[in-house]
Amino acid sequence: MTTVIRQDDLIESVADALQFISYYHPKDFIQGVYEAYKREESQAAKDAMAQILINSRMCAQGHRPICQDTGIVTVFVNIGMDVKFECDMALDDVINEGVRRAYTHPDNVLRASVLADPDGKRQNTKDNTPAIIHYKMVPGNTVEVHVAAKGGGSEAKSKFAMLNPSDSVVEWVLKMIPQMGAGWCPPGMLGIGIGGTAEKAMELAKESLLDPIDIHELQERGASNRAEELRLELFEKVNDLGIGAQGLGGLTTVLDVKVKDYPTHAANKPVAIIPNCAATRHAHFTLDGTGPSLQTPPSLDDWPEITWEVGENVRRVNLDTVTPEDVKDWQPGETVLLSGKMLTGRDAAHKKMVDMIERGEELPVDLKGRFIYYVGPVDPVGEEVVGPAGPTTATRMDKFTDTMLEKTGLTGMIGKAERGQVAIDAIKKHGAVYLMAVGGAAYLVSKAIKGAEVVAFEELGMEAIYEFEVEDMPVTVAVDSRGSSVHQTGPVEWQEKIIAAKAV
């Protein structure tokens, strides 16, 4: 029997799903983080997971984005062969209209992060279109759709290799994970695709991330095939690396490992890794011709009641009066509460400033003695000063760091994850400091921002330079003025602890 799927039903269902996943984590993810939180012995990692859980509950209550990076949309569509579409647009255009409506919804504006002409003008499409869409024709008379919103920080850490047939997948994965750093915002999931061709392996890895977290059920029943054997082995061995939440060192780096495989050529073994971050966002719906398929809100009882209290030894810092001499006393791993005014700037703003410096032009803002926050916030709605405003991956700014510190007198930087050695060397050389905010806690961070004003490069949209006024914004000293990095010392310390505990 043929089913007729109306254009507007698909548009409405896509838009609803994308709004839904912007502020609701999947229930299995919340449970996975909470279980990891209860087991965690590293206080820094435990604090990071607490902030992620608190942020998640706040977003579920307030219907605002979990992360300021509301992602690039990926859609998997399984079309029943007995389906007829009643559309006056191409199917890609129908789905993209759903994306457009979701990302421009006035009650919950989502950040437009998609740029056209990627190696040229890199011009923002303004509505986060187009999506990445995969189709399959399958038996049946329904349309099954999975939508996901993938953050750029975690997507940037994807890895691919064409291994030799005799090479070990486990060895390669364990070699890649430390190289990925913490920019993918662990704890999260790893999707691994094996086989097919290069592009098929990547698609398998991405598709595997749609599955629920169920590694503990697999541990209880045992593996029944090679893919499940790999899941169990990699789950244990990746966590034994001690990388931990946000890369700070700890017991849990991954909540689950997913593996999908496909027959491949005798001469090849393509393998792909795609991580899902702490802003895991995906939803599923089925259209059967009876109208749109809308998401069902979860119960707030699904979220644990978590509190995060600042310790007694916290350092409170006034950004309006802090000096380069003051930061010399700050210790790696120390919690700092920031109040006062800071500037913001990401890749595009840094590129423009460095280009201006090289041309001998005066910058539109004075950075001497200031702190700069690597962030591209979501637009505010209602009475908000700013929308969710969590940190972006700091390593992307590494190549600009020495110039910025030397030529502007900048004192400190705030971002997420580790810094590369070139940035650490520059921080040490200039006696500066790098602070880390928790990735995946963007709405929570935004509550510390009491004022926001664009002060330069307004044409860059979310990448413009803002001046934020903050009150008690929580951060961690990640690289001190002597060049000591917690992202280097923390995982080493916890890997040694894990190994020692297993040897007993």
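A contact here means that heavy atoms lie within 4.5 Å. In this predicted model, 77% of the contacts between residues at least 6 apart in sequence join residues at least 24 apart. The protein chain has 504 residues, and 57% of them count as buried.

**Overall fold and dimensions**
- The secondary structure of the protein chain consists of 14 helices and 19 strands.
- The radius of gyration is 23 Å, close to the 23 Å that the globule rule gives for 504 residues, so the protein chain is as compact as a globular protein of that length.
- Along its principal axes, the C-alpha trace spans about 75 × 60 × 45 Å.

**Surface and charge**
- The protein chain has an accessible surface of about 21,200 Å².
- Carbon and sulfur atoms account for 48% of that surface.
- There are 74 negative side chains and 51 positive ones in the protein chain.
- The centres of these two sets of charges lie 3 Å apart.

- T280 sits in the loop between β11 (269-276) and β12 (282-287).
- The relative accessible area of T280 is 1%, and buried means under 20%, so T280 is buried.
- A polar atom of the T280 side chain lies 2.8 Å from the backbone oxygen of C277.
- Leaving aside residues up to four places away in sequence, T280 touches H25, P26 and F29.

Notes: Residues numbered from 1 in each chain as written. Predicted model: local features only at pLDDT ≥ 70, side-chain atom pairs only at ≥ 80, totals over all residues. Heavy atoms only, no water. Helix = DSSP H or I, 4+ residues; strand = E, 2+ residues; numbered from the N terminus. Rg over C-alpha atoms; globule rule 2.2 N^0.38 Å. Buried < 20%, exposed > 50% of the residue type's maximum accessible area, 1.4 Å probe, protein only. Areas by Shrake-Rupley, 256 points an atom, 1.4 Å probe, with all protein chains shown as cover. Lys, Arg positive; Asp, Glu negative; His and termini not counted. Charge placed at Lys NZ, Arg CZ, Asp CG, Glu CD. Polar contact = N/O pair within 3.5 Å; in protein donor to acceptor, adjacent residues only side chain to side chain.
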